[in-house]
Amino acid sequence: MLRTRITELFGIQYPIVAAGMGGVAGAELAAAVSEAGGLGTIGMAGLGPAEIHEAIAAARARTTKPLAVNLLIPFLQPDVLEQLRVEPIQAVTLFWGDPSEHIPLCKQLGFTVVWQCGSAEEAAAAKKAGADAVIVQGFEAGGHVRGTVTTLALVPEARDAVGDSPMLAAGGFADGRGLAAALALGADAAVFGTRFLASDECSAHRDYKKMVVKSHAVETVHTKLFDVGWPDAAHRVIRTKVVEEWEKAGRPETGKRPGEGEKLARLRRGEIEVELPRYSAFTASTSVTGDMSGLAFYAGQSVSMVREIRPAGEIVREIAAQAEATIAGLIRTQVPR
């Protein structure tokens, strides 16, 4: 029942894809999602060739099933694409750049390319540039958000723009009802980010996961506040005390914000430790120590439906089962003419 152009393209059981959330979507989460029948994605923003090889090897030690990697173009390091050519992955997802510039290069290197879009126009441009599939991300999504249109309005418009090309929908999905809705709107799969934040295998810090579980959609805010390291890039986060203090101060511009420059948290990558200032774009992962209150706690509006931390494989299977039941229920309840 859940066979689509995306399951065929990647050879997966379910049209369920884990978002490549930078800093927290690591090898363990990606492998668990893939092993359960979805498509796991390793977030590789800012990683160099050696770190990429290590992450993919760690995932491959856990599963032989299809895997994807996610690259943020503003943080693409030299030689990364050449490194990925020799890695056992099935797809590269690209985000936040010019599709006409980057997709042809990746196609020349032999990649299956998925381009993440914020608009139907960008989806059409990605198709024209040679993308094998597109992700259209609605305004409800957590993390960095390129577009301004809701998922409900964007997905049908993007389907019309890309014709019969494989297309995934992102933003606002947390369960099988959402997956069924994505398919009904014209997508071939749904991308889940916030739901997998609250999974055992996710590399988000335990306090971050607890915050996701207890938060509601109205407690998220679309902003450009957390801009240290990635300026002028809109994102959706949970409204923490730091966000509230900034709002009470009248939402001052960068350079005039409360506590600006204060460094309380530290990020460890191998033998290197980096201080993270308040308003850093980096998120609270298990690699971060100290006071993380000044960091971004990314989450989408689907956070209202996330109420427990569970193994990622269980989440995949539950989403699939609920989607099948939802679709079957719709068919049964149709009134004959």
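A crossing of two helices is called left-handed if the near helix is turned anticlockwise from the far one by less than a right angle, and right-handed if clockwise. Helices (H or I, at least four residues) and strands (E, at least two) are DSSP runs, numbered from the N terminus. The model is a predicted one, in which local features need pLDDT of at least 70 and side-chain atom pairs count only at pLDDT 80 or more, while totals for chains, interfaces and linings use all residues. Residues are numbered from 1 along each chain as its sequence is written, and side-chain values use heavy atoms, with hydrogens and water left out.

Two packed helices are described by the angle between their axes and the distance between the axes. Axes here are lines fitted to C-alpha atoms, for helices over the stretch in contact, and angles run from 0 to 180 degrees between N-to-C directions. Helix H8 (residues 176-185) and helix H12 (residues 312-332) cross at roughly 60°, and their axes come within 7 Å. H8 is therefore oblique to H12; angles under 35 degrees count as roughly parallel, over 145 as roughly antiparallel, 65 to 115 as roughly perpendicular and the rest as oblique. The crossing of H8 past H12 is right-handed. From H8, Gly-176, Arg-177, Leu-179, Ala-180 and Leu-183 meet Ile-319, Gln-322, Ala-323, Thr-326 and Ile-327 of H12, where contact means heavy atoms within 4.5 Å. The residues of this contact of H8 with H12 comprise six nonpolar, three polar and one charged. In this classification Ala, Val, Leu, Ile, Met, Phe, Trp, Tyr, Cys and Pro count as nonpolar, Asp, Glu, Lys and Arg as charged, and the others, Gly among them, as polar.

Helix H5 (residues 99-108) packs against helix H6 (residues 120-129) at an angle of about 35°, with the axes 9 Å apart. H5 likewise passes H6 in a right-handed crossing. Pro-99, Ser-100, Ile-103 and Pro-104 of H5 make the contact with Ala-125, Ala-126 and Ala-129 of H6. By class, the contact of H5 with H6 has six nonpolar residues, one polar and no charged.

Turn now to the strands. Strand E2 (residues 40-43) pairs with E3 in the parallel sense over four bridges; two strands pair if DSSP finds at least two bridges between them. Gly-43 stands opposite Asn-70 in E3. In strand E3 (residues 67-72), six of its six residues are buried, that is, under 20% relative accessible area, with exposed over 50% and partly exposed in between (1.4 Å probe, protein chains only). In a regular strand the side chains alternate between the two faces of the sheet. Leu-67, Val-69 and Leu-71 are buried on one side of E3, and Ala-68, Asn-70 and Leu-72 are buried on the other.

Ser-34 counts as buried because its relative accessibility is 1%.

An open sheet is formed by three strands in the order E7-E11-E10, with antiparallel pairing. Its edge strands, E7 (143-144) and E10 (220-223), each pair on one side only. E7 is joined to strand E11 (residues 235-238) by two bridges, and His-144 stands opposite His-235 in E11.

Gly-294 lies in the loop between strand E15 (288-290) and strand E16 (295-296). Gly-294 is buried, at a relative accessible area of 10%.
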